[in-house]
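I set out to record how one chain is built and how the chains touch one another. The entries below follow the order in which I looked things up.

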Amino acid sequence: MQRAVARIAHEITERNKGARDVVLIGVLTRGVHLAERLADRIDSIEGTRPPTGALDIGLYRDDIGMRDPVALAPTKVPNIDGKIVVLVDDVLYTGRSSRAALDALIDLGRPKAVQLAVLIDRGHRELPIRADYVGKNVPTGRNEEVRVKIAELDGEDGVELGRVDETAEEAAR
Amino acid sequence: MIRHLLSIKDLDPEGIERVLATAATFQADGPRIMRKYPTLRGKTVVNLFYEASTRTRTSFELAAKRLSADVVNFSVSGSAVEKGESLKDTAQTIEAMGVDAIVIRHSSSGAPNRLAGWVSASVINAGDGMHEHPTQALLDLYTIRQHFGSFSGLRVAIVGDIAHSRVARSNVWGLQMMGADVTLVGPPTLLPPRVEGWGVETTADIEAVLPKADVVYLLRMQLERGTGATVPTLREYSRLWGLDAARATLLKDEALIMHPGPMNRGVEITADAAELPRSVITDQVANGVAVRMALLYLMLGGRDAREEVPVE
Amino acid sequence: MSKAVVFRGARVVDPASGRDETADVRIEGEQITDIGKISTNHAEEIDCAGLILAPGFVDLHAHLREPGREDAETVATGTRAAARGGYTAVCAMANTDPVADSAAIVEQVVALGRAAGLADVYPVGAISVGLQGEQLAELGEMATSSARVNFFSDDGKCVQSAGLMRRALEYARAFDAVIANHAEEGALASGGHMNEGEVSSILGIAGIPAEAEEVILARDLALAKLTGARLHVPHVSTAGTVELIRAAKARGVRVTAEATPHHLALTDDLVSGYDPVYKVAPPLRTRDDVDAVRKGLADGTIDCVATDHAPHPPEDKEREFDLAPCGMLNLETALGVVVTELLDPGLLGWLRLIEAMSTAPARARGLDGHGGPIAPGTPANLVVFDPATAWIVEPEKLASKSKNTPFAGRTLKGKVVHTMLRGRFTVREGSDADGQR
């Protein structure tokens, strides 16, 4: 994971010619910790630490009314007007979360550009969304589950692959 | 989450905590900055108000609109309750229009309970007679938690016309559920009958209570609900049980002054006491929108309640 | 001449003669002609093995709503309900529209009862003009009319004025009439909609304290003693009221009292759902009150069971609790409630039960021909019921025009099989009958 974070940090600074105007916004919950790690990494590369934020997408999901309401967490986002916002998430799957994150972000301001960084891209997109930065592509089946573990939350870093039965999968979406 | 909120007792401590935590997320950018979310697009909330109440209606309306629900205000004047269309007929008319939630304010205790038996929409009690005002209690709990972090062991003194007060009832049950100790303060004519069953302390001596209280909650003297005959004069009430700045000096440094509004300044609270730094009366109003947003999100953001069979 | 009928092998319970034994009862024409072990000579035989035969029930207190609220009940539908409940005599309360405060109205009510032919209807006259509690109604006109009214009440409203109450009691003595006052002190009860107690306190419904009933009753008992008149206490609802009556009877005050099935069976916690089907005046009280009223009925402090049958159409009851009217249906369920709630638990036996349902109320109002005795030469006003069969109360199956029974869905024991009014069946084999033989 360390290497993936380091590589993404380099790619972000390369592509944006440094880290000026870059804001790292993590999608709650694990994306926030990844954004913080990326910011630390960019700090060590560039000598400046880009501002970070936390974005809760619960109120923007497209499955409201189809399952019990998800718990919400506070959104804390610095000024993003005219900035290059890098949305950070742990897993890119159907693309629906990223769609919700884009909508939530647009409600908060008008960034110059929005880029997407994910630790794992597991495929099976249902929307026309592509990540700008990918830690690792992991081919998966629909009946599989990808869990990213973050030391800050889970006690250790890592990625777990598991099988889920179809009904649980359906409920989880 | 619950289908109807008729009483604060419809929630358990976990449910209350969930509402308060969700409300806090709406105030992450500051208590008075409130953004708009697309969450409840396509949902319709009807404000069915049989009693005039600009503040509660506006608070619910803002909350629903901030979540992109459509809001219809349906006001019925007091006289129409007696001779106009019955509540049941009105309920069925509204129901036929396909609404998701009905927020009801009514002068009859239990009117929301009746309504809930007649419609498949969610019913939210916005104050019924002398029964309950659960969303007021939730925003009061939220305001108290903002300052103290938790409720356990807090001493809350509720002062005034408890007998006629729906705010008092919801707050007493809510505070007890969350672990606070409640003392009711006022002359026995303003205490509810058989108050022994409420599990609270009661006293007529406000000055003995203030030094121990973490929160002093002043109730409105509700002249329209028959408070009139319960004290000789408002002047005497004010002198014996009202809060003025001098009496407020008896409070602990960190103690809060609360009031559900609208205030009868000079009766239960003087202007100088209401404007003390420890008074959180305007915070209560600001918090009302966030708490009602949280409630609407949790009650309407889940599976379509209308698909369930109504329980008679 | 219709054919004679023999009820064969019933348990005959007749408090007036003290009889409680298995016997046959022969009816010819309008009268009982024989009782004992009798042969079926030229008579239709009706097997009554396992059933109880008793004098037809007498209700001192029913609201038949006619004239004025025929949407709620009529004399015809109300007496149909009465017949199904085993009643042969029903007293119709005065709070009709117009109020039964004149000879014309009480005679009209009697005529309506005769036309229906399902129970003898005895009007209760109003104490005050228009039930207003101000001026004495023409008690004498009503007493000497063809309706022969000897029982007066402003029921639904309490005579608040002690002066008027005294005059009513005094004046009624001229006709040996009974004054029944709905005991509820206006200022104490003001704005109340249920029993004042722990439940009302939590529900936020303004309460009516037990004392609102007791202070008026204490006053009325003093006035009854002062005047020597006959006082009847309708719908006793509190433990304090039972005590007051017990003490007054011991002092020799001429007082009788009634209890309703709901005050014998139901408590105020039922109001918790705010359903006005549980709204009644006086209100449902606490468990302690119910226990005291039961005990009072069992030991005779309370003379009789009266229904306070009070029909209200659905649109009046299906609304906010405080805006709905008071009242409950009872005529068809009274026997079942008393058997299930009092007899089954052993609080009273069959003789006392029949006395409370029939003999005592007939005596309280002096209704000849009702309440027994079951003896040759007396009118055949009888009920035959199955004491053991359980049945479920289904509002839509009730005969009353209204459906506001608080016992909906309850299982009751004690079901009427036959009701006979002066030798003619009003209910036969559990079905409505219109006087056929």
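Why does the radius of gyration of chain C agree with that of a compact globule? I noted first that the model is predicted. For 437 residues, a compact globule would have a radius of gyration near 22 Å, and chain C has 21 Å, so the two agree.

**Entry: chain C.** I took the extent of the C-alpha trace of chain C along its principal axes, which is about 65 × 45 × 45 Å. I then looked up burial and found that 61% of the 437 residues in chain C are buried. The secondary structure of chain C consists of 13 helices and 19 strands. For contacts in chain C between residues at least 6 apart in sequence, I noted that 75% link residues at least 24 apart.

**Entry: chains B and C.** I looked up this contact next: 21 residues of chain B meet 19 residues of chain C. On the side of chain B that touches chain C, α4 (87–96), α5 (111–118) and α7 (166–177) of chain B each provide at least two residues. I recorded α5(B) as the source of the largest share of that side, with three residues. Sorted by class, the side of chain B that touches chain C holds six nonpolar, nine polar and six charged residues.

**Entry: chains A and B.** Here I found 15 residues from chain A and 15 residues from chain B in the contact. The side of chain A that touches chain B divides into eight nonpolar, two polar and five charged residues.

Notes. Residues numbered from 1 in each chain as written. Chains lettered and ligands numbered in written order. Predicted model: local features only at pLDDT ≥ 70, side-chain atom pairs only at ≥ 80, totals over all residues. Contact = placed C-beta atoms within 7 Å. Helix = DSSP H or I, 4+ residues; strand = E, 2+ residues; numbered from the N terminus. Nonpolar A, V, L, I, M, F, W, Y, C, P; charged D, E, K, R; others polar. Rg over C-alpha atoms; globule rule 2.2 N^0.38 Å. Buried ≥ 20, exposed ≤ 12 C-beta atoms within 10 Å, placed from the backbone.
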